[in-house]
Amino acid sequence: MRKYLLPGLIIMATLLLLAKIFYLQVIDDSFKLQSENNAIKKEFDFPERGYIYDRNGKLLVANQPSYDIMVIPREMKNIDTLELCKLLSITKEDFIKKITKAKKYSPRLPSVFIPQLNKREYAGFQEKERKFEGFYTQKRALRDYQVHYGANIFGFIAQVNEATTKANPYYNSGDLIGKQGLEKEYEEVLRGVKGVKYLLRDKHNKIIGSYKEGKFDTISQQGKDLTLTIDADLQEYGTKLMVNKRGGIVAIEPSSGEILALISAPTYDPALLVGRQRSKNYTALYYDSIAKPLYDRALLASYPPGSPFKILTGLIGLQEQVIDEHTTFYCNHGANFGRFMACHCGYHALQLNNGIYRSCNSYFGNTYKRIIEKYPNSFESVDTWANHVKSFGLGQFLGTDMPIGAKGLVPDSKLYKKVYKGAPIRSSYIISNAIGQGEILTTPIQLANMMATVANRGYFYTPHIVKKIKDREIDKKFTTKHLTSIDKKYFEPVIQGLADVYNPGGTAAALHVDSLQICGKTGTAENKIRVGGVTYKLQDHSIFVAFAPKDNPKIAIAVFIENGYWGSRWAGPIATLMVEKYIKGKITRKDLEDRMLNGSIQDEYQKLEDIIYRRNIDTKRNEPIANTTDNNNKETKKEEENH
Amino acid sequence: MSSSKNVNRGIDWLTILLYILLVGMGWMTIYSASLPLEETSIFDLNQIYGRQMLFIFLSIPIILIILFLDAKIFERLSFVFYGIGILLLLGLFVFGKTIKGQTNWYSFGGFGFQPSEFVKTATALLLAKYLSYPQINLNLTKHQLIAFGIIGLPVLLILMQPDAGSAMIFLSLIFVLYREGLPSWYLISGITAIVLFFLALLINPLYIIIGFFLLTVLHFINNKKISRNPFIYAFIFLVVTGFVYSVNYVYNNVLEPHQKDRIDVLIGDNVDLKKEGYNLNQSMIAIGSGGLTGKGYLEGTQTKGGFVPEQHTDYIFTTVGEEWGFAGSAVVILLFMTLFLRIIYLAEHQKTKFSRVYGYCVATYLFIHFFVNIAMLIKLFPTIGVPLPFFSYGGSSLWAFTIMLFIFIKLDANKVNEW
């Protein structure tokens, strides 16, 4: 038996070696990666990011060179720390902190040591760069903004985070990526493709030639320029008008769906988010949780639309043939729909035309009542109504080419079945929808698109902000017509009503512009806030929608001013000025312009802030509503059932 | 003499073929591992691969001399060879060259000569000679001591150089002694000691003692055959306890720092990948990045970048792993295994005990070099500087293994003349 020990041992040992080598080479992948990090160095060539132009070819966003000081911790040798700190004007603590962080990321891979030095800051370091082994400079392009507005449109670029570098192998630590706005949406178009050179190096980190004779090397591809649909002058003008106000303006060219202006207020200078101050400034903007300058109200803020929604109520009433132009309803400072809905129109008998230009609640309440009571099955009526509304792009994502958006809300039978536990819907329950005050929520861009649809007499193109990408067509979905469910013939009488809003007796008669026929609609939306279990009533929002000229419209616009009292107080004048500016290129109503440019609603915002921070609450104006809204609804419902 | 007339009669050509394949592949990997950026002649003596080529050519006359000598000479002169070997080892203390704290080289001009490589063969010859006396019985303590002495003398001298790795190779001859009748408890206690040593470093000695105590009790209860002398059990238990507790002492006070590092690296204790763990880590990266079929001959990025230290000598197999992948590694490993098994097969069929013992010694030596060398590259064994036979760069190593192998081939070829 003894003679079998050694052969047995040899065979077992061989199998053991083979098994372990098989594991290392075939099963465990980690060594392949380490080998690449070890021996292959990648050198990147970053292409210039694409420029951004406005619709008239005005340059809005260009590039400026910037220099990142990179470090490979493993390769640091005999560094004169003090000199380095002095050159880069950092403290020794900073130095240690940054090196520790870089080591944590990877001792072998390059990390950004100091990002985004400008040419002057870099010059001092450049001379002595050779002295600091393990450090090198990576040139990149930063944005150079030619204008001080449009931050919400452009978005910004910033260094990729670790999650992105892990998820997307294209990006390495320190690379720049679009984080918001167009920079994010069109990241791949704007950035181009960086070039890579694979170099083989030895254990001393010396380059000993190109890897496989450059078989895998690639050259960089330039980023593509974008031409926007934005009219820079209009955008700038709107931004100025919105100073000291909060809200959003969206202007659209109805015939194409091109967004002419997309303004959110408050906003910030895009240049704030460039260079070494970026992170400090971004933090400040980010933590302003009340004014929310980073929040694009034009695209995201869902408000009750208020009176502009009466346009749809009227159109749907006509389409469903529950009213015609001559149907008359009576108003007695309001009307009773099971509960009383007040009205300030001051007229007694109303038809469609003056119903619109006086913005009569009673008229549209009655119309809505008829719509909801048209079919014996109330759910069918509600869904018929909701489908008409949705055909205007409300209650759903519009599908613009901005990376963000909000759905808003258009209630349908499904929602009401849930709320009323399956009971048939009575028009009295939901009568507020008639005047845009019920469950309905819309964003400013949805309202603007609604107006563009009305201006087109029944169709719209999906709003979009990029007009042209260098040698590439824009997406087909932006050139496809979306028809509404309302016949073209029903638009004219409604549009006439909108035109009369600017005529004597109309709610915006004071805003009349000579020789320009604007069709508009004022709106005022109630709003409240709940803080600490108590609901406070806040100043109403000011809303205005318009398009002009009446025939062959060039611009449709929605203006939303938070806590702006009533429609014709702030939103109306601003919308009118924007329309006049765009169509005529100059302003005739200088007094109005001055009042808007210099006006401020900061007092109201201060009150909101006081409520949120619970200080100096003016109990007279902001009286807490004793019961919560939910309770109110329940009580109303009970009342209805007793009738 | 009749044998000189027909020198290739009885020669085992399979073994020679394996030898040629291994030496050839060895040179190819050395060429890859030492290729400078600008290619030169493969005979360029300024280059490592050029010198290795010279060593390979010079082994041809050595082989021929061995094959033309009378096979009896190796048995008759075994005392002389052994004596010369011991003198050479002693001479190192006077004339030796010290490299990295070890005095194990003679230096002649540009070429070095490491006597311990040749003493391995001499020791094998003398051991075979001693065990081939018909009256030798390895169950007798006296004969055991003489056999241990033959192995122990060079081990002692080599340990004084100090070169623990080479010394350890000699200890593998215990397998040969076991084959020739050494009681098995030597082998069992030897293996137990090694296992206990590593266990004691890895876990708390107390647990080992408890475990061993339980095993002892179990054995005592189940033991029905031999006399159940409790004193023997107690004695064994005490010895083991003492051994386990001395491990930490030995580790902390007897082992050299670099030896400690090597053990730490193996058991993964406080390893700094830039210092003591660097070699092993780079070696694993080179082999591990090879994949199934390797990066291609002369395409190894780790090999070209020189990341693995000593790559042409003790770490030569990393080049095989990186450039030829698992497929190539398996071929090389299986070639080695075939060689060892072939030698053992031939040894078992020898007609004289001398040839058989010597063949066994050759197989054991080659196998233990092979296993320790590759196992240390893939973290199966502590780092011990032993060359990979026929592959590693170096004249003395190549010639020593060649002489060792071809003496056996000559003895084997001569068995037709033994009656």
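Guide: A residue is buried if 20 or more other C-beta atoms, placed from the backbone, lie within 10 Å of its own, exposed if 12 or fewer, and partly exposed in between. Helices (H or I, at least four residues) and strands (E, at least two) are DSSP runs, numbered from the N terminus. This is a predicted model, where local features need pLDDT of at least 70 and side-chain atom pairs 80 or more, while totals for chains, interfaces and linings use all residues. Residues are numbered from 1 along each chain as its sequence is written, and chains are lettered from A and ligands numbered from 1 in the order written.

Visitor: Which residues of α13(A) are buried?

Guide: They are A:Lys310, A:Ile311, A:Leu312, A:Thr313, A:Gly314, A:Leu315, A:Ile316, A:Gly317 and A:Leu318. That is 9 of the 10 residues in the helix, which spans 310-319.

Visitor: What covers them?

Guide: Among the elements are α14 (352-357), α18 (444-455) and strand β20 (519-531) of chain A.

Visitor: Why does A:Met450 count as buried?

Guide: Because A:Met450 has 26 C-beta neighbours inside 10 Å. A:Met450 is in helix α18 of chain A, and its C-alpha is 8.9 Å from that of A:Leu312, 138 residues away in sequence.

Visitor: Switching topic: how many residues of chain A are in contact with chain B?

Guide: 31 residues of chain A, against 37 of chain B; contact means C-beta atoms, placed from the backbone, within 7 Å. The largest share of the chain A side, 16 residues, comes from α1(A).

Notes
Contact = placed C-beta atoms within 7 Å.
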